[in-house]
Amino acid sequence: MKNMRWLVGIMIAATLLSACGGGGQSSASGGSVDSKGHVNLEFWYALGGDAGKAVEQLVKNFNESQSNITVVATYQGDYTTAMAKIYSAITGNSLPSLAQVGGAPLLGSSDVLIPITDFTATDTSFDLNAIQPAFIEYNKATGTLWSLPFNNSVPVLYYNKDLFRAAGFDPEKSPENLDELLSYAQALTIDSNNTGSPSQWGLNVKDDTHWYLSTLILENGGRIVNDTEMEVLYNQPKAVEMLQLWGDWVNKYKVMPPNQHAEAQSDFLAGKLGMLLGSSSQVYTLTQSASFEVGVGIFPAVGNNPRQIPIGGGSLVIFKNTDTRISNAAWEFSKFMISEDSSIYLTTQTGYLPIYADAFNWPDIKTLITQTPQRKASIESLPYAVSIPVFAALGNSDLALRNAIQKVELNAATPQKALDDAKTSVDASIVEFTNP
């Protein structure tokens with residue numbers, strides 16, 4: 001039962017060794033080493049579309065960069081599907097050498113990962129301190145660094161510059177704070193006949209709504225979980241205030257459609273939505289797909305509070321192996337995948353962020369921002385990046401927050417009641433996951 005509860009937790013968290021040989025070739029689960037010492041690695045990844053193509057190119061670049069290791073990469077579906085396949089591989093003793101997946105640190109409790117610090121402790125060529133601190137924290141669970149940051153993103157505000165111009169707004173300036181966001185959304189909402197079904201909405205949010213509410217809560221001075229990670233805190237006043245505002249966008253000000261977040265991106269691309277809160281990972285796709293000029297702004301601030309922008313995305317994990325040659329090769333490949341050159345390539349081809357603290361100063365990143373101004377907002381978000389602690393019931397927590405949002409949007413519960421219910425459910429899950 002413990003394993004099943006653990007699986008449910010990490011699958012939701014992902015917005016979730018038998019050896020054999022013969023024929024002169026030694027092998028271990030997740031890879032093989034031939035008689036000449038050449039290492040073959042099996043790499044699973046969970047990114048499709050443009051991001052998936054970028055991953056495939058990086059793998060190709062690695063294979064061509066040296067002759068000692070060959071990596072075979074296989075797409076395993078989205079984060080949830082890939083995590084389910086990893087769990088199946090754990091129970092079937094058929095894990096790959098390494099993987100890229102969401103919710104990666106939660107795999108640490110399964111006893112199948114090699115902590116990243118096992119490699120960095122002896123590898124003087126790699127400096128963990130060069131990585132943005134929030135990205136390191138994002139890959140920890142119970143104090144251990146289980147995974148490496150790879151494809152990370154932040155929430156940003158997309159907007160239709162044509163609609164901004166029509167409403168009399170400067171198309172080069174996005175709302176700086178929540179007051180401006182509401183003012184802009186009201187001007188951008190068009191319901192000429194007062195039908196209650198506007199032909200153009202001012203604001204909407206992508207369907208990973210928990211991420212954007214969590215951002216509002218943090219920026220309002222609230223918290224998601226306590227220091228011991230045994231109790232969620234989002235039924236407290238600063239969090240309730242933000243869900244109340246969210247509900248007001250829908251039911252009081254009527255600038256956002258109720259419970260229509262799955263359609264938000266398509267409505268935006270169709271020119272029926274003025275502003276969209278979404279992931280920076282979509283910037284390449286949105287700017288290439290839109291028939292209008294897309295603007296991108298940093299996530300609006302809450303009053304005069306310091307910005308706190310929680311990161312999302314996936315990570316690299318290295319699975320335990322009976323052959324250290326395979327484990328070491330997996331580490332070499334992982335270093336290549338998060339190197340400066342690879343980080344620049346992934347950022348350029350997608351909307352994911354460079355993970356290094358000094359990325360602002362990289363000539364290629366400066367050129368990217370100059371040539372593609374839509375990238376500026378996400379890069380400028382880096383100094384404000386924070387990590388929501390990866391606690392046992394994080395996946396359940398995300399789901400509970402999404403349910404709370406839906407209840408409030410549909411007037412099925414007050415913000416306080418919705419968040420009280422979420423807390424009760426998630427706190428019980430934390431106890432269940434941590435006390436088998």
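## Helices α2 and α12

The crossing of α2 and α12 is right-handed, that is, the near helix is turned clockwise from the far one by less than a right angle. This is a predicted model, in which local features need pLDDT of at least 70, side-chain atom pairs count only at pLDDT 80 or more, and totals for chains, interfaces and linings use all residues. Residues are numbered from 1 along each chain as its sequence is written, and side-chain values use heavy atoms, without hydrogens and water.

Helix α2 spans residues 49-65 and helix α12 residues 324-337; the angle between them is about 120° and their axes lie 10 Å apart. On the α2 side the contact (heavy atoms within 4.5 Å) involves V55, L58, V59, N61, F62 and S65, and on the α12 side E332, F333, F336 and M337. Seven of these residues are nonpolar, two polar and one charged.

## Helices α7 and α9

Helix α7 (residues 178-188) and helix α9 (residues 237-251) have axes that come within 12 Å and cross at roughly 10°. α7 is therefore roughly parallel to α9 (angles under 35 degrees). L178, L181 and L182 of α7 meet M242, L245 and W249 of α9. This contact has six nonpolar residues, with no polar and no charged ones.

## Helix α13

In helix α13 (residues 340-349), S342, S343, I344, L346 and T347 are buried (under 20% relative accessible area, 1.4 Å probe, protein chains only). The buried residues of α13 pack against α2, α12, β9 (148-153) and α14 (363-371).

Terms used
Axes are lines fitted to C-alpha atoms, for helices over the stretch in contact, and angles run from 0 to 180 degrees between N-to-C directions. Helices (H or I, at least four residues) and strands (E, at least two) are DSSP runs, numbered from the N terminus. Ala, Val, Leu, Ile, Met, Phe, Trp, Tyr, Cys and Pro count as nonpolar, Asp, Glu, Lys and Arg as charged, and the others, Gly among them, as polar. Angles under 35 degrees count as roughly parallel, over 145 as roughly antiparallel, 65 to 115 as roughly perpendicular and the rest as oblique. Buried means under 20% relative accessible area, exposed over 50%, partly exposed in between (1.4 Å probe, protein chains only).
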